[in-house]
Amino acid sequence: MSSVSNVTLAACVFMTVTCLVYSSNAQGPGIGSIDLGPIEPDFPIRTCSPRCENGFCVGGRCLCQPGFTGRTCSNTIITVCYGGCANGGTCRYGSCSCRPGYSGSSCQIPSCSPSCANGGTCVSGKCRCRSGYSGSYCQTRVCTPSCRNGQICILGQCRCPRFLDGPEPLGISEPGVPEIDLVPFYPAVCCSRSCLNGGTCIGYNRCRCRSGYSGQYCQTKVPSCLPSCANGGTCVSGQCRCRSGYSGGYCQTRVCTPACQNGQICILGQCLCPRFPDGPVPLGISEPGVPEIDLVPFYPAVCCSRSCLNGGTCIGYNRCRCRSGYSGQYCQTKVCAPACRNGGTCSNGKCNCRTGYTGSYCQTRTCSPACRNGGLCTSYGTCNCRSGYTGSYCQTRTCSPACRYGGTCTSYGTCNCRSGYTGTYCQTRTCSPACRNGGTCTSYGTCNCRSGFSGSYCQTRTCSPACRNGGTCTSYGTCNCRSGYTGSYCQTRTCSPACRYGGTCTSYGTCNCRSGYTGTYCQTRTCSPACRNGGRCTSYGTCICRSGYTGTYCQTRTCSPACRNGGTCTAYGTCNCKSGYTGTYCQIRSCSPSCANGGKCVSGKCRCTYGYGGSYCQTKVCRPSCQYGQVCISGRCQCPRFLDRQVRGLPGRPGSQEPERLPIYRPVCCSKSCLNGGTCIGYNRCKCRSGYSGQYCQTKVCSPACRNGGTCRNGKCVCKKGYYTGSYCQTRLCSPACRNGGTCTPYGTCNCRSPYTGSYCQLSPTCYPRCENGGTCIRNNRCSCPSGFTGSRCQNAVQTACRVRMEIHDMTQAQRQLYIDTYKTAYGQPALRTLLRSHAINFAAGIHTRNQFLPWHRWFILELENILLAVNSNVILPYWDWTLHSAAPWSAPLWGSASHWYGGDGSGSCVTTGPFRSGQFSLVSGGCLRRDFDLTETTPSALVVNDILSTPVSSFNDFELRVRGELHDTVHCRIHGTMCTLDAAESPDFFLHHVFIDKLWADYQARSTAHHDAHFSSLGSAMTAAGGHSAQDMIDLNNQPGGVCVRYEQPSSSTARQLRRALSRVAPSVIAKRVSCQPQSLDVSRAVQQGQELFRVSASERSRLSSLVSKQVCRSAMPGQAGPSGARTTATANLGFDLNTLVSLANAK
């Protein structure tokens, strides 16, 4: 018979025993069958219920013939694939199982798996990708040209791979995954040469290769085998090379070597004869889709007709009598002595032991699976593991000694320590954050600092010698002295406040005053000669005299009280009164002329006797008073008359020779008196005084008329209660009433006195801690400081001078050169490099959100300025006012190639001119400074900035959003290159731009107190990585951290001065209608879109920003068009709008 390979099943029918052998490649019974005739079993047989239809019952289970399946083998399996499987596909149960990359009923169609992403199309089983994408299924954004030297493509830019530090966008696209995902951000770790064949640089000259490649730079192609080689096979040139005893396309089949002969079959790699039933033995046959068969019948040998071997003697049909030492039907088997134990079988004189046993005669219990890592199997079948290993078969590495402080032991026997611990077994406490400035971490997790440093992680520079008299050591190693002390280590006592008017401070902290001055700090002027008669000398050197004295030094007696009404004081302290006055101090008016007809002079007025009146009692009056419209004439009541003629005969004024002439009237009387001062002017007709009405003037009227629903009663307005007040109900009431001296406005709201607040001025300010140095609390936790002090609690003495930041074009050449040289010197120092990296590390940690953007970057530039001042005390940060070059920003002198300018464009690559050119300057993160000016776009104009600065304080949210999104983000990415990346802060251009952004905020704050204090509700919260400072600490430029005062100097060019004057006089609404400008757009620019993506402007903010910037700020004109004034000036060409028209509008005001 032929040899058998790939045997998957052997079975014998019990009753009419027919042994069938099936091959994995056969369509029916295999290499042959042996009919052994009817044999009766001598043991109980387990039957199958229900009966097997197309198979055999083995051990109570149905063993199906090929082509059938199911519990009773009743289901037919199609085992043939018609037409065959193409392209390496395999036929399984009538259908083709295709290799990856093919599909169809016969695997005839090349397919793309997984599907092509990002718009790629599948062509002949391969993805054809759109421009900008690559990968086996177009999942990867690529850069053009390709990245070199281990750089990887991120958002279309070549970047070095990085260590984990913080998130950044990576531009990976996969099915079901957004195109831009957030993956860890890494500082650069590049390779000296490119990783080949799609490999990725993961460390210094270390590449991670794609599947199918190997080598340091992934230069070697490794053929792959699909599926993977099984049973220890090795893949060679894409094909599996099997170990001895295995075969098949991927070494999945156990075979017999040499091939079985004489009717034997290969079972589990052994050639065995077919057997009669005798007892169960384990077979362990397992194939994909076929249940594992644990026990099948065991048969004693029934060999085929052949000679008895090894000297045996044939004693019957196929029965041999064997010599001692042999057995078997044909004596082919050498027997074992002693006999095999524990179920072992003897083969050729050697025991084949059952699983779980070993030894020459299977006397020793084995461990299954075998003990690993040098473990020893005990007689009980358990593993006795070596030190350092554990598990049922010593498969698990243990940590020795055990991991401490919560560390976990890995499968490699190493400890995975918790945060804060390190060491072989996590025994050492680590310091977090790491010790700085050369400090060493102790076993207690604390830092042991070098001399000159202190702090929990040696972050603070200490002062040597130590600061005295309560001074504190700053982070720069200098002493910040308490008020009253000075010197390098606060050893010298100062006078606080400082001695004035030329006084000198003694070593005891007291002032030694010049002649003519006195007081604790010589603040008081003395008087010379000294003040007399109890006078007091003021701080101005003049005398304040006691009552009764006057003169330069109170030498002259005065009248007390002072003489009135023009009286003069004599040297004796008495008053000499003017004519018409009398009394001790001329306080009594005398009557002139003297009172007549017995009248008395009282306080300069005549008090007349009964029957007389007039200023000096010269007129006779009627008693009682005349009624009913009658008038008194010469002491008699008479009716008024129509004018008729003049008569004589009434006495004139005393002393006059001619009697008075009085009119004569015809009688016109009223039936009753006109009331309230009314005058009878006809028969029962009264002429009423203002404020009265009615026939007899009996009704009082309200004048002016009552407003707001008030009613007039007896000449007074009765207003609606609780709503209005005032003489004619014209004033709206505040309810509840305004407190603490607040006044109610016409709109019914309270106008509160400082420092009170609240809807009705009920809230008094509270400051905790309390204001110092005489400061007053004007708002919750806000102190108003007296002159000479500043700080949130007035705790700091005001510095004598502020740092003045200038526009870079206003600096002299020497000043610019000094600044650039200082910047490059500081750039190499750890302090500045750490500061710059902190911007990249915290780029997406909130520093570009509305609550932190303005104050955080104000802190950031202040920190840089402090570092520069430590290098050179004469250097202050400049700014670039790009509005003065808005129409041609890339032609500004700033970009000149001289050593005192910044160098020019790099056209997307390294800058090659100026002091920051490639080879002379490199970034902290590695590589050169890059620029890629957006030559088709401009920077925002002065009109746009003026419109933003005009935002009302109630809309501070819109002001901040426009500054951040319309100004800051746009200019960053119009300079482009390094400025439009996560490493923007490493570009020297960054600070010119950001200092100008801070100046714009300062200009907005200068508009009013409300503008100055405007911010969001998170003022008191600590900002991200800002040394614990809050936004509140950065609001006041006059009181920056450390008591620093900062002032911005406005650009000094004639164009800038004209522009400031004109913008301050002309309203933005008038400019929008009258001034021509070049059109600017925020929606189409590449720089705007990239800036919004880089700085992560949210969708809602973009929508709001779009509505804000759509407002017209000028009258659009074609670029290059002359303004209304005629020819374009250089200023107009640079500014991007018609300056002449704007100046004309301002002059017309």
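Modeller: Let us start with one link: the disulfide of Cys209 and Cys218 is left-handed, with -95 degrees about the S-S bond. The sulfur atoms of Cys209 and Cys218 lie 2.1 Å apart, and a disulfide is called here when a pair of cysteine sulfur atoms is within 2.5 Å. Please keep in mind that this is a predicted model, in which local features need pLDDT of at least 70 and side-chain atom pairs count only at pLDDT 80 or more, while totals for chains, interfaces and linings use all residues. Residues are numbered from 1 along each chain as its sequence is written, and side-chain values use heavy atoms, with hydrogens and water left out.

Colleague: Are Cys209 and Cys218 buried or exposed?

Modeller: The general idea is a cut-off on relative accessible area: buried means under 20%, exposed over 50%, and partly exposed in between, computed with a 1.4 Å probe on protein chains only. Cys209 counts as partly exposed because its relative accessibility is 26%, whereas Cys218 is buried, with a relative accessible area of 0%.

Colleague: What is the handedness of the link between Cys431 and Cys441?

Modeller: In general, a disulfide is a covalent bond between the sulfur atoms of two cysteines. For Cys431 and Cys441, the torsion about the S-S bond is about 95 degrees, so this disulfide is right-handed. The pair links distant parts of the chain, with Cys431 in the loop between strand 47 (428-429) and strand 48 (440-441), and Cys441 in strand 48, 10 residues apart; strands here are DSSP runs of E with at least two residues, and helices are runs of H or I with at least four, numbered from the N terminus. The sulfur atoms of Cys431 and Cys441 are 2.1 Å apart. Cys431 is buried at 12% relative accessible area, while Cys441 is partly exposed at 36%.

Colleague: Where do Cys499 and Cys511 sit in the chain?

Modeller: The sulfur atoms of Cys499 and Cys511 are 1.9 Å apart and form a disulfide. Cys499 lies in the loop between strand 55 (492-493) and strand 56 (504-505), and Cys511 in strand 57 (residues 511-512), 12 residues apart, so that the pair links distant parts of the chain. Their link is left-handed, with -90 degrees about the S-S bond, and both cysteines are buried.

Colleague: Which residue is the bridge partner of Phe56 in strand 5?

Modeller: The partner of Phe56 is Leu63. Strand 4 (residues 55-58) and strand 5 (residues 61-64) run antiparallel, joined by four bridges, and in the turn of this hairpin Gly59 has a positive phi of about 65 degrees.

Colleague: How many disulfides does a search of the whole structure find?

Modeller: The search finds 54 disulfides. The protein chain also holds 14 helices and 93 strands, and buried residues make up 36% of its 1149 residues.

Key. Pairing = 2+ DSSP bridges.
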